[in-house]
Amino acid sequence: MERDEIKRLNFLLQIYIDVNVDKDFSVLSKSADPFFILNMDGQLVYVNDVCETLLGFSIPELLQMRLSRIFLSTSLNESQTFFFEKGREKLTNFDAKISMRPESLMDVNVTAFPILFNKDVVGSYVVLKDITQIKKERQLLSEKQAVAGQLAAGIAHEIRNPITAIKGFLHLMARDYHGEPMYYDIVESEVARIEVILKELMVLATPIKKKYEKLTISSLLDQVLALMESQMLLNNIQVDKKFSFLEESILGDGNQLKQVFINYIKNAIEAMPNGGSILIEGSITEEKHAQIRIIDQGCGIPPDMINRINEPFYTTKEYGTGLGMPVSYQIIEEHKGKIDITSSNKGTCIEVSLPTFYKIK
Ligand code: ADP
Ligand code: MG
């Protein structure tokens, strides 16, 4: 941008600030969130009071600063005047690190949005939120989960061998067994249940060798639905399928990804004990992600539970393991995907998005 053009924009920005922000009655200057205004040069031209406390510099000091003094260069663009790869013309939100006084780093969440004067973008509002505490809690939780996972995997390994022996001998005994058939069936099905739990526990903790291959998303989902068909019939569940993808594929471990969708669909079925319908939506986003939604009309997940849902062993079911959600979460994370859960007492929507794999023709 030319010098004269920057001068003109800076002049407009100053008028904007004088009229809209820098007034005692302005809602903005009294904002409880720390925010500053940035001109097109990357210079701080307005700073609210709360910034002093957060950043440890006085307002006059801050007004001498450029964006590059506060943010690490890794989060800035080439000319150090704005954030890395984030257009000034639209709202952006991301996590970053800032350096403040005394020389230390702080984790913040940054929201930046443009200031428009007539049709020109003349600067940006930058709102900061201290997320040090949240980050610490997240880290602590993941450490706790890792320990719980390791412990669980260790136990699972130990139990697997005796269970295999029990299962084998039980099989041998079947021929000579003349007792109540139901008792035998119960023992057999409970042993099978223990095996299912052990399998889930081991996924949670051991980085088993994954087989990554190219998978067509729609056929992967069709296979899952075929597997679940009898269980849905049994529970009076109707499935509606709305896919708008064609032959797009993803790179992943087919068995693991199937397990993820089985877990989510199973939960959806279990959330509707009196039957109902499940909608499976699939589409490709603009960012070329495959987006799959599993929507049920069940009891929903209470808001305070959503945050804890990926913790191992969290369950509200009498015979639940509390492992379906954390196992699925881990698998999707390993596939560089994302999970978004929305829920109310009318039902739950689990949205999984996974990067697609494009074959170069
Ligand atoms: P489990 O199904 O064995 O309880 P999960 O990890 O699969 O373990 O799920 C944990 C808990 O999350 C469930 O017990 C349930 O309370 C809640 N949950 C998960 N999915 C749903 C859903 N679709 N609707 C309502 N509650 C759900
Ligand atoms: Mg489950």
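Me: What does the accessible surface of the protein chain come to, and what part belongs to carbon and sulfur atoms?

Reply: The accessible surface is about 21500 Å², and carbon and sulfur atoms hold 56% of that. Such areas come from the Shrake-Rupley method with a 1.4 Å probe; for residues, only the protein chains shown count as cover. This is a predicted model, in which local features need pLDDT of at least 70 and side-chain atom pairs count only at pLDDT 80 or more, while totals for chains, interfaces and linings use all residues. Residues are numbered from 1 along each chain as its sequence is written, chains are lettered from A and ligands numbered from 1 in the order in which they are written, and side-chain values use heavy atoms, with hydrogens and water left out.

Me: How many helices and strands does the protein chain have?

Reply: There are ten helices and twelve strands. Helices (H or I, at least four residues) and strands (E, at least two) are DSSP runs, numbered from the N terminus.

Me: What makes the contact between Arg 3 and Asp 41 a salt bridge?

Reply: A salt bridge is a side-chain nitrogen of Lys or Arg within 4 Å of a carboxyl oxygen of Asp or Glu. Arg 3 and Asp 41 meet at 3.2 Å, N to O, so the pair qualifies. Arg 3 sits in helix α1 (residues 3-20) and Asp 41 in the loop between β1 (35-39) and β2 (44-47), 38 residues apart. The structure holds eleven salt bridges.

Me: Are Arg 3 and Asp 41 buried or exposed?

Reply: Buried means under 20% relative accessible area, exposed over 50%, and partly exposed in between (1.4 Å probe, protein chains only). Arg 3, at 56%, is therefore exposed, whereas Asp 41, at 16%, is buried. Across the protein chain, 40% of the 361 residues count as buried.

Me: Which parts does the pair of Lys 167 and Glu 195 tie together?

Reply: The side chains of Lys 167 and Glu 195 form a salt bridge at 3.1 Å, N to O. Lys 167 lies in helix α5 (residues 132-173) and Glu 195 in helix α6 (residues 181-205), so parts that are 28 residues apart in sequence are tied together. Lys 167 has 39% relative accessibility, so it counts as partly exposed; Glu 195, with 29%, is partly exposed.

Me: Why do Glu 281 and Arg 293 get the labels they have?

Reply: Glu 281 has 18% relative accessibility and so counts as buried. Arg 293 has 24% and so counts as partly exposed. Their side chains meet in a salt bridge of 2.8 Å, N to O, with Glu 281 in strand β9 (residues 276-284) and Arg 293 in strand β10 (residues 289-295), twelve residues apart.

Me: Where is Arg 308 found?

Reply: Arg 308 is in the loop between α9 (303-306) and α10. Its relative accessible area is 37%, so Arg 308 is partly exposed.
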